[in-house]
Amino acid sequence: MTEDMTGTPPEQGSQWYDHEAGPLVRPYAMTGGRTRPGPTGVRFDLIALVTLDASAPGVDDVPLGPEHRTLLDLCRTETQSVAELAAGADLPVGVVRVLLGDLLELGSVTVSRPVPPAQLPDERILREVIAGLRAL
């Protein structure tokens with residue numbers, strides 16, 4: 001058995017997890033070894049907005065892991081981005097993308113993308129519209 005920097009032998013099993021952090025579950029165990037979100041090939045960028053689909057069939061009949069259920073619970077309160085879901089679930093973004101792919105295939109969530117700034121109306125036009133409305 002190896003000794004740590006203080007010269008004392010480590011506790012039994014301490015090389016596998018940190019007591020403060022709890023047991024470590026590897027990301028590949030959460031995703032079943034997958035690195036891509038489902039066969040549909042959907043890409044979840046960090047700002048993609050994920051919403052719980054209210055019209056989705058009950059997910060209680062489908063065997064989901066605890067990480068899937070955590071993501072569903074986070075989406076239940078409000079629409080969130082992929083980055084927010086990863087932070088809220090305390091999971092790596094890659095894992096969240098794979099899990100969201102599963103939920104998308106089940107029809108439990110919908111994904112939308114915000115309008116790119118280049119496609120938004122010009123600020124000048126919006127100011128003219130406001131000025132026109134005020135003139136009424």
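**Reading the fold and its helix packing**

Mentor: The chain has five helices and three strands, where helices (H or I, at least four residues) and strands (E, at least two) are DSSP runs, numbered from the N terminus. The model is predicted, so local features need pLDDT of at least 70 and side-chain atom pairs count only at pLDDT 80 or more, whereas totals for chains, interfaces and linings use all residues. Residues are numbered from 1 along each chain as its sequence is written, and side-chain values use heavy atoms, with hydrogens and water left out.

Trainee: In what order do the elements of the chain run from the N terminus on?

Mentor: The order is α-β-α-β-α-α-β-α. Of the contacts with a separation of 6 or more, 69% join residues 24 or more positions apart; contact means heavy atoms within 4.5 Å.

Trainee: How much of the chain counts as buried?

Mentor: Buried means under 20% relative accessible area, exposed over 50%, and partly exposed in between, with a 1.4 Å probe and protein chains only. Of the 136 residues, 24% count as buried. The accessible surface of the chain is about 9,700 Å², and carbon and sulfur atoms hold 57% of that surface; the areas come from the Shrake-Rupley method with a 1.4 Å probe, and for residues only the protein chains shown count as cover.

Trainee: Which residues of the largest nonpolar core touch the most other members?

Mentor: In soluble globular proteins, nonpolar side chains tend to be buried together. A nonpolar core is a set of buried Ala, Val, Leu, Ile, Met, Phe, Trp, Tyr and Cys residues joined through side-chain atoms within 4.5 Å. Here the largest one has 19 residues, of which Leu 71, Val 96 and Leu 100 touch the most other members. At least two residues of this core come from each of α2 (66-77), α3 (82-89) and α4 (93-106), and α4 gives the most, with five. Beyond its neighbours within four places in sequence, Leu 100 is in contact with Phe 44, Val 50, Leu 71, Val 82, Leu 85 and Val 109.

Trainee: At what angle do α2 and α4 pack?

Mentor: Two packed helices are described by the angle between their axes and the distance between the axes. Axes are lines fitted to C-alpha atoms, for helices over the stretch in contact, and angles run from 0 to 180 degrees between N-to-C directions. For α2 and α4 the angle is about 80°, with the axes 10 Å apart. That makes α2 roughly perpendicular to α4; angles under 35 degrees count as roughly parallel, over 145 as roughly antiparallel, 65 to 115 as roughly perpendicular and the rest as oblique. In this contact Glu 67, His 68, Leu 71 and Leu 72 of α2 meet Val 96, Leu 99, Leu 100, Asp 102 and Leu 103 of α4.

Trainee: How do α3 and α4 cross?

Mentor: Their axes come within 9 Å and cross at roughly 110°; α3 and α4 are therefore roughly perpendicular to each other. Val 82, Leu 85 and Ala 86 in α3 meet Val 93, Val 96, Arg 97 and Leu 100 in α4.

Trainee: Where is Asp 90 placed?

Mentor: Asp 90 is in the loop between α3 and α4. Although not a glycine, Asp 90 has a positive phi of about 55°, and Asp 90 is exposed, with a relative accessible area of 69%.
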